[in-house]
Amino acid sequence: MLKKGQTKRIWTKEQKLAIIRRYYEEHISAGSLAKEYDADKSMICHWIRYYNQQGEATFDSPSCLRHKLRLN
């Protein structure tokens, strides 16, 4: 949920992949990455899960991830 006066942040495919790479290569927890990037931990966990299922292609379309989240 957005706080008053806060705008929705749009993450690019490159930003998502950079965070996921740090998760795997530097062994940084999703919680630590969330704090560092001022992001939601559960969102990062979703990115990681979908990356594991479909690789980089999962981030080709922004609406693709939103649709998957609604299905689960």
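1. Helices here are DSSP runs of H or I, at least four residues, and strands are runs of E, at least two, numbered from the N terminus. An α-helix has 3.6 residues a turn, so residues three or four places apart point the same way.

2. **Basis.** This is a predicted model, in which local features need pLDDT of at least 70 and side-chain atom pairs count only at pLDDT 80 or more, while totals for chains, interfaces and linings use all residues. Residues are numbered from 1 along each chain as its sequence is written, and side-chain values use heavy atoms, without hydrogens or water.

3. **H1 geometry.** H1 covers residues 13-25; at 1.5 Å a residue its 13 residues should span 18 Å, and the end C-alpha atoms are 18 Å apart, so the two agree. The expected span is 1.5 Å times one less than the number of residues. Just after H1, His27 has a positive phi of about 55°.

4. **Confidence.** Mean pLDDT (the predictor's confidence in each residue, from 0 to 100) is 85 for the protein chain, with 78% of residues at 70 or more. Helix H2 (residues 30-37) has the highest mean, 97, and helix H4 (residues 62-71) the lowest, 54. Where pLDDT is low, the predicted coordinates should not be read in detail.

5. **Whole chain.** The protein chain has four helices and zero strands. Buried residues make up 28% of its 72 residues.

Technical notes:
Buried means under 20% relative accessible area, exposed over 50%, partly exposed in between (1.4 Å probe, protein chains only).
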